[in-house]
Amino acid sequence: MSRKVVNATVNGEPVEFLAGGGQSLLDALRDELRLTGSKEGCGTGDCGACSVIVDGRLVCACLMLAPEAEGKRIETIEGLADNGHLHPLQHQFLEHAALQCGFCTPGLLMASKALLDRNPDPTETEVRYWLAGNICRCTGYDKVVRAVMDAAADLRQEKPR
Amino acid sequence: MSGVEYLSPGSVAEAVKALQVEGARVMAGGTDLLVQMRVGRAKPRVVVDLKRIPGIADIREQDGAFIIGAAASGAAIGEHEGLRKAWPGVVEAANLIGSTQVQGRASLGGNLCNASPAADSVPALIAAGAACVIAGPKGEREAPVEAIQTAPGKTSLAANEVLVAFRLPKRAVYSGDAYLRLIPRTEMDIAVVGAGVSVTLDASGKCVDARVSVGAVAPTALLVEAAGAALIGSSFEEVALAKLEAAVAAAAKPISDKRGTAEYRTKVAAVLARRAALIARDRAKA
């Protein structure tokens, strides 16, 4: 079956790749564009390890077809740090040791970023509900939630600058 | 999932044409279809993605009625202030589907046409008296939401028909709706039971119209007309609520599975319908 040329923007850069009709965006990111930060945990939209932001919306890259990406603006974990400077979320995940094996971390970071992009001052309850679709085997979530709350505070303080 | 052709028609007419091909399947958000393809339960030759059709994901108000595009995402529905105000029950049902990530893609059209007995938005849409706008080779037709699901995974839509939008009627002054579901945890699970209720009151608070629908207690979501009738003419007194509960329990024909026994589901359906009715009443008064 024919593959389609797809033009999209990934982390601010224009990209072009060939997509099979039934190929997931996750497979295209990992196998065609070699952006292997997004992980495949379940492949069925349950675990959130492949979370990316498409046109401002958090989605599972495994639940989107690669050819759907035509013309879309995609943000992945590879674009989170700014020229080697960690994003406040990444910094706080390290500070709080909010990861152990790290497999869920790219997804948790992108999901957290999507939350703070639209809600800079979330309550703990809001954080927990927002991240309910990101499954972590190791941390028990508490450190993750604290890291997100502190990163939100960091980002709020940074704003006036 | 190799060997699948992906099409993204730019109009409803093109989508209908694309569906003439044997083995073509409609995709809206894809949160059910792509999972089914992955596990081999769905094997479409062609996936017809609706999302490039102008307006297919729009939500708009028209003379007090709301038109919700079949592919509008749960997230977009939850962010629409006018819709939240007019139809809070429909919105809360749509927003219960899956995680934040799933909300970014999942649609009401997909939730209905996937035809799961436990689809959260369906009882709320049935209670709301929502109509489906369906396009086919001979043009458009309308059908009530309760006429779409015919069995688990089956709908009354022809293979070359596309659900384009939902039409929610104009609200009377004192009206409200609510949807409640029971799951064993607070997030990320499939309904053991769901109940949607929509009511309209007169100025004195007496119920003049009511629709009650329950999900996950039969092969399809049920419109329980006797439960709505039990409320009409009442001021939600105990005797009316007891009648509503009895009507829901009588209509429920659940299965027993790992999520709950038939007896439990029947009891909970009645309880949730009562609670949803009281929330809908309070919203109607507010």
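Q: At what angle do helix α2 (residues 88-95) and helix α3 (residues 105-118) of chain A pack?
A: This is a predicted model, where local features need pLDDT of at least 70, side-chain atom pairs count only at pLDDT 80 or more, and totals for chains, interfaces and linings use all residues. Residues are numbered from 1 along each chain as its sequence is written, while chains are lettered from A and ligands numbered from 1 in the order in which they are written. Axes are lines fitted to C-alpha atoms, for helices over the stretch in contact, and angles run from 0 to 180 degrees between N-to-C directions. The axes of α2(A) and α3(A) lie 10 Å apart, and the two helices pack at an angle of about 130°.

Q: What does that angle make α2(A) relative to α3(A)?
A: Angles under 35 degrees count as roughly parallel, over 145 as roughly antiparallel, 65 to 115 as roughly perpendicular and the rest as oblique. Because of its angle, α2(A) relative to α3(A) is therefore oblique.

Q: Which residues of α3(A) meet A:Leu89, A:Gln90 and A:Phe93 of α2(A)?
A: Two residues are in contact if their C-beta atoms, placed from the backbone, lie within 7 Å. From α2(A) come A:Leu89, A:Gln90 and A:Phe93, and their partners in α3(A) are A:Thr105, A:Leu109, A:Ser112 and A:Lys113.

Q: What is the radius of gyration of chain B?
A: The radius is taken over C-alpha atoms, and the globule rule is 2.2 Å times the number of residues to the power 0.38. For 286 residues, a compact globule would come near 19 Å, and chain B agrees with a radius of gyration of 19 Å.

Q: Which residues in helix α1 (residues 25-32) of chain A are buried?
A: A residue is buried if 20 or more other C-beta atoms lie within 10 Å of its own, exposed if 12 or fewer, and partly exposed in between, with C-beta atoms placed from the backbone. The cover over the buried residues of α1(A) includes β2 (13-19) of chain A. In α1(A), the buried residues are A:Leu25, A:Leu26, A:Asp27, A:Ala28 and A:Leu29.

Q: What value does phi of A:Asn11 take?
A: Most residues other than glycine have a negative phi. A:Asn11 sits in the loop between β1 (4-10) and β2 of chain A, and this residue is partly exposed, with 15 other C-beta atoms within 10 Å. Its phi is positive, near 50°.

Q: Is A:Asp55 buried or exposed?
A: You can find A:Asp55 in the loop between β3 (51-54) and β4 (57-60) of chain A. Although A:Asp55 is not a glycine, its phi is positive, about 50°. With 12 other C-beta atoms within 10 Å, A:Asp55 is exposed.

Q: Which element gives the largest share of the side of chain B that touches chain A?
A: The contact takes 25 residues from chain A and 24 residues from chain B. On the chain B side, the elements that give two or more residues are β1 (5-7), α2 (33-38), β3 (46-49) and α6 (100-103) of chain B. The largest share, 4 residues, comes from α2(B).
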